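User: I'd like to learn how to read a structure like this one. Could you walk me through it?

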Amino acid sequence: MNRLFIASDTDIGKKRSENQDRVHAEFLADNVAVAVVCDGMGGASSGGVASQLAIDAVVKRIKENFRKDMKPNSIRNLMLTSVHYANTIVYGKSKEDIDKNGMGTTCVAALVVDKTVYMVSVGDSRGYLLTKDGIAQITTDHTYVEMLYRSGQITKEDAKNHHMRNVITKAVGVESDVEVDYFELEENDNFAVLLCSDGLTNYCTDNMIYETVFGNNLDEAIKQLIAFANECGGKDNITAAVIAN
């Protein structure tokens, strides 16, 4: 019987004509769940194509190869290769169709096995860990302003309003290969893993996310966060997925 809980949702927001975000969350076995969020980019409908191709590829690779008896290092390799596989699919499609040349997508994915979290990330869609001690951003934003912040050229406050805050330095499918960040966390107590696109984090603070999600009904929590992002402007597509115990 599953001791984990999952929830996910996506919304077009108030300003965009198309939702180029994609989200997927499901159980793979008892106490095993996977979630993926992709935020596409590219002209016309190319961003939506990229995010759909990527999320399908990541989920397919994980579902076809995951076994409950896998060792942690094998799961790590599976998570990394799933994103590399997605990169190959998206990049190949962009080269087949000139209208889709240069399309790409962010990708953040988490596989939770009992109390271990395996997470991979490319781009600025984020992965958070929520525990009784609070909320922590696990992933690193692959953005120009994050590079400026880490090099000490701007403050966190500067980054929020920087005119180049939407410039991504790394994405799935833009080049023939991609460097993927990997994280592995072992938790003893209750926890929640939240994956989301920047359409959510542009409006919702870490504290608000924590107060809304941790220890509460997950479906309702996601709806509340999306509603808040829309109330604050909803300038982008808004997407989130949660796995919690």
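This is a predicted model: local features need pLDDT of at least 70, side-chain atom pairs count only at pLDDT 80 or more; totals for chains, interfaces and linings use all residues.

User: Which residues of the largest nonpolar core touch the most other members?

Analyst: Val36 is one of them, along with Phe66, Ile75, Met79, Leu111 and Val172, in a core of 31 residues. Strands E3 (32-41), E5 (107-113) and E6 (116-122) each give two or more residues to this core, and so do helices H1 (46-65) and H2 (72-96). There's also a second, separate core of 22 residues, with Cys196, Tyr203, Tyr210 and Ala240 among them.

User: Now for sheets. What is the order of the strands in the open sheet of 5 strands?

Analyst: The general idea is that strands in a sheet pair through backbone hydrogen bonds, parallel or antiparallel. Here the order reads E1-E11-E10-E7-E8, and the pairing is antiparallel. E1 (5-11) and E8 (134-137) are the edge strands with a single partner each, so one side of each has no neighbour in the sheet. From one strand to the next, the twist averages 15°.

User: How many bridges join E10 and E11?

Analyst: Strand E10 (residues 191-196) pairs with strand E11 (residues 238-244) over 5 bridges, in the antiparallel sense. Across that pair, Cys196 stands opposite Ala240 in E11.

User: And which strands does helix H6 lie across?

Analyst: H6 (residues 206-213) lies across E7 (126-131), E8, E10 and E11, at about 55° to E7. Helix H7 (residues 218-231) packs on the sheet too, touching E1 and E11, with its direction at about 25° to that of E1.

How values were computed:
Residues are numbered from 1 along each chain as its sequence is written. Side-chain values use heavy atoms; hydrogens and water are left out. Two strands pair if DSSP finds at least two bridges between them. Helices (H or I, at least four residues) and strands (E, at least two) are DSSP runs, numbered from the N terminus. Axes are lines fitted to C-alpha atoms, for helices over the stretch in contact, and angles run from 0 to 180 degrees between N-to-C directions. Contact means heavy atoms within 4.5 Å. A nonpolar core is a set of buried Ala, Val, Leu, Ile, Met, Phe, Trp, Tyr and Cys residues joined through side-chain atoms within 4.5 Å. Buried means under 20% relative accessible area, exposed over 50%, partly exposed in between (1.4 Å probe, protein chains only).
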